[in-house]
Amino acid sequence: MLDVLNISMPMLFGQLTLGLINGAFYALLSLGLAVIFGLLNVVNFVHGTQYMLGALFAWMLLHYLGIPYWGALLLAPVGVGLVGAVIEVTLLRRLYSVDHLYGMLLTFGLVLIIEGFFRWLYGASGMPYSNPLPGGTNLGFMFAPNYRLWVVVFSVAVCFGVWYLIERTKLGSYLRAAIERPDLVQAFGINVPRMITLTYAFGAALAGLAGVLAAPIYQVNPLMGSNLIIVVFAVVVIGGMGSIMGAIVTGFGLGIIEGLTKMIYSEASNTIIFVIMAIVLLIKPAGLFGSQK
Amino acid sequence: MKRTDINTAGGSPAQGPGRFNSSTILYLVLLALALVAPAVLYPIFLVKVLCVALFALAFNLLIGYGGLLSFGHAMFFGGASYITGHAMLVWGWPTELGILVGVVFSTLLGVVAGLIAIRRQGIYFAMVTLALAQMVYFIFLQMPFTGGEDGIQNVPRRAVFGFIDIANDTTLYYVVLTIFVFGFLFIYRTIHSPFGQVLKAIRENEDRATSLGYHTTRFKLLAFVLSAGLAGLAGATKVVVFQIATLTDVTWQMSGEVVLMTLVGGLGTVFGPVVGAAIIITMQDYLATFGEWVLVIQGVTFVIMVSLFRRGVVGEIAALINRVR
C-alpha cells in the first residue's frame with residue numbers, strides 16, 4: 001500500500017516522529033488548558049503565548065546568561081509559571097464572578113500585549129536555538145535524530161506524570177474536588193484561592209515546558225504560539241475537556257494524523273485537524289471523551 | 001455562575017416604547033452629522049469607519065442579542081472581500097453584483113459554519129468559530145485565485161448601477177453611507193422584531209426558551225447566518241473602497257479586532273459597535289507609525305475594558321444617564 005502512495009519507510013517514520021512531537025505539544029497544552037478551564041472557568045487564550053515564552057526564556061537564558069538547555073528546561077517553565085501566577089492574582093481573579101467570555105477576552109488582550117512587545121524587541125523572524133543533543137540513533141527500522149527521540153520520550157513521561165498527579169494523588173483529588181464543588185472544598189479548610197493560583201501557574205508552566213522542548217526543533221519566534229493555540233483549541237473541542245487521559249490520547253492521536261496527512265496530501269495538513277473537529281462536532285458534539293453539560 | 005452581566009448594557013431605557021421619540025431624534029441628528037461629515041473629515045477615513053462599523057454591528061447582533069461570542073467573524077468579512085474582489089477584477093462584474101456575490105458567499109459560509117458551531121455553547125462556541133475561521137484562512141492562503149500573500153489587488157471601482165461614479169471619494173462616501181444605513185436599519189429591525197425578542201430570551205435562558213416551545217437552534221442558526229451575511233456585506237464594501245482584498249482580513253487578529261471594537265463601544269448596545277469602530281480606527285490611524293506597539297496598545301485596551309469598563313463607552317454613558325435620572 002505504501003508503494004502505491006509513493007512513500008518511503010524512512011520518510012514515513014520521520015513524519016511519524018514529527019507528528020508524535022507535535023502531538024506531545026498538543027497534549028501538554030490541552031492538558032493545561034483543560035485543568036485551568038476546569039478550575040477557573042477561563043479559556044486561557046494566552047496559553048500559546050506562554051508556550052512561546054517558554055521557548056523565548058530558554059533562548060534568553062542561553063543568550064544572556066549562558067545557561068544551557070538542561071538548565072532552561074527547569075528554569076524557563078518556572079519563569080512562565082511565575083508570570084502566570086502574577087496574571088492570575090492581578091487580573092484573572094477579578095473576573096470569576098462574571099460571564100466566562102470575559103476571561104477569554106482578557107487573556108486575548110494579554111496575547112496581543114506579550115506578542116506585540118516581543119515582536120518589537122526581537123522582530124518576527126525566528127531565532128535559532130542550537131540542538132543540545134546532536135546526532136542520531138539507528139533504531140533498526142529508522143534513523144532517528146537524538147533530540148527528537150528525547151522529546152517524544154520525555155513528553156510522554158511528563159504527560160503521564162501529570163495524569164498520575166491529578167488522578168492518583170491526594171493533591172490531585174483536592175484539585176478534582178475543587179473543580180466539582182469549590183465551596184465545599186473551601187469549607188473543609190483548603191485554601192481554594194491559592195489552589196487556583198497554583199493551578200493556573202502549573203498549567204502555564206506546562207505550556208512553557210512544551211515551549212522549551214520546541215525551541216531546538218522550531219526556531220524561537222514571538223509568533224510561534226498564537227497559531228498553535230488555535231489548533232490546540234480544536235484539539236480540546238475534539239477531545240472534550242472532561243478527561244485528562246482523553247486530552248493526552250487526543251493530542252498524540254491528532255499529531256500523528258497531522259503528520260501522516262503532511263506526507264499523503266500535504267496541502268491538507270494545515271486544515272486536517274479543523275476538518276476532524278467539524279466532523280466530530282456533527283457526530284458527537286460533546287467531543288470524543290467529553291460529556292455534554 | 002450567572003450568565004448575565006454581558007447583557008446588562010443592552011437594557012438601556014432608550015429602547016423602551018416611551019423613549020422612542022427621543023431616540024429617533026438622536027438617530028436623525030447622527031444621520032444629519034454623517035451627511036455633512038465629509039466637509040470636515042477625510043472621506044476615505046470615514047468610509048473605513050463605516051465599513052468596519054458595519055462589521056462590528058453584524059458581530060454585535062450575535063454576541064449582544066444572541067449571547068454567542070464568535071471569534072471567527074473574519075472568515076465572513078475577509079471571505080466576502082476575496083469573492084467580491086475576484087468577481088469584479090477577473091470576471092469583470094459590476095459593483096452591485098460583485099457585492100451581492102460576496103454577501104451570498106458569506107451567507108452560505110454562515111450556514112455551514114453555523115450548523116457546526118451552534119452544536120456547542122458558551123465558551124466552546126467561541127473556540128469552534130475561531131478554529132473554523134483558521135481553517136478558512138488556510139484554504140484562502142492555498143487557493144490560487146486569492147494571490148497568496150499579495151492578495152487581490154487593483155480591483156476596479158466601477159460606477160454603481162452604471163451611473164453613480166464612485167471614483168470620486170465623496171460620492172463613494174455617500175454610497176457606503178447608504179449601505180451602512182441599510183445594514184443598521186436591518187439590524188435595528190431584527191433586534192426589535194419578535195425574532196429578536198426570542199433571541200434575547202434564548203440568551204438569557206436557553207432551557208426556558210426551549211421549554212416554551214422554541215426551536216432554539218433554529219433561532220441561533222438564523223442569527224448566525226444574518227450576522228455572517230452582514231459581515232460579508234461589510235467586507236464586500238471594503239474591497240470596493242480600498243480596491244484590495246488581502247489575507248489580513250481573514251486572520252484571527254481581524255476576528256479579535258472586531259471583538260475589541262464592540263467591547264470598547266459596548267456589547268449589546270445598539271450604537272456601541274459604531275462608536276467602538278470609530279475609536280479603534282482613529283487609534284490605528286494615529287498610532288500607525290508605532291508599528292508593533294499598536295498591538296500592545298490594543299491589548300492594553302482589551303485588558304482595561306474587560307477589567308474596569310465591561311459595559312463599554314456607550315453602555316457606561318447609558319448607565320450614567322440612568323443613575324442621574
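This is a predicted model: local features need pLDDT of at least 70, side-chain atom pairs count only at pLDDT 80 or more; totals for chains, interfaces and linings use all residues.

Colleague: How many residues does the contact take from chain A and from chain B?

Modeller: Chain A gives 49 residues to the contact, and chain B gives 44 residues.

Colleague: What area do chain A and chain B bury between them?

Modeller: The size of an interface is often given as the accessible area lost when the parts come together. Here chain A and chain B bury about 4500 Å² between them. Carbon and sulfur atoms account for 76% of that area. On the side of chain A, the three residues that supply more than any other three are A:Leu101, A:Tyr102 and A:Leu105, with 15% of the area that chain A buries against chain B.

Colleague: Which elements give two or more residues to the side of chain A that touches chain B?

Modeller: They are α4 (100–122), α9 (224–239) and α11 (272–283) of chain A. The largest share, 17 residues, comes from α4(A). Sorted by class, the side of chain A that touches chain B has 33 nonpolar, 11 polar and 5 charged residues.

Colleague: Now the charged pairs. How many salt bridges are there between chain A and chain B?

Modeller: Side chains of opposite charge can pair when their charged atoms come close. Between chain A and chain B the count is 0 salt bridges, while the structure holds 7 salt bridges over all chains.

Colleague: With which residue does A:Glu88 form a salt bridge?

Modeller: The partner is A:Arg93, and the closest N and O atoms are 3.3 Å apart. A:Glu88 counts as buried because its relative accessibility is 0%, and under 20% is the cut-off for buried. A:Arg93, at 35%, counts as partly exposed.

Colleague: Is A:Arg181 buried or partly exposed?

Modeller: A:Arg181 is partly exposed, with 44% relative accessibility. A:Arg181 forms a salt bridge with A:Asp183, with 3.2 Å between the closest N and O atoms. A:Asp183 is partly exposed as well, at 46%.

Colleague: Which parts of chain B does the pair of B:Asp169 and B:Arg157 tie together?

Modeller: B:Asp169 forms a salt bridge with B:Arg157, the closest N and O atoms lying 3.2 Å apart. B:Asp169 is in helix α6 (residues 169–191) of chain B and B:Arg157 is in the loop between α5 (122–142) and α6, so the pair ties together parts 12 residues apart in sequence. B:Asp169 has a relative accessible area of 26% and is therefore partly exposed.

Key
Residues are numbered from 1 along each chain as its sequence is written. Chains are lettered from A and ligands numbered from 1 in the order in which they are written. Side-chain values use heavy atoms; hydrogens and water are left out. Contact means heavy atoms within 4.5 Å. Buried area is the accessible area (1.4 Å probe) that two parts lose on being put together, summed over both. A salt bridge is a side-chain nitrogen of Lys or Arg within 4 Å of a carboxyl oxygen of Asp or Glu. Helices (H or I, at least four residues) and strands (E, at least two) are DSSP runs, numbered from the N terminus. Ala, Val, Leu, Ile, Met, Phe, Trp, Tyr, Cys and Pro count as nonpolar, Asp, Glu, Lys and Arg as charged, and the others, Gly among them, as polar. Buried means under 20% relative accessible area, exposed over 50%, partly exposed in between (1.4 Å probe, protein chains only).
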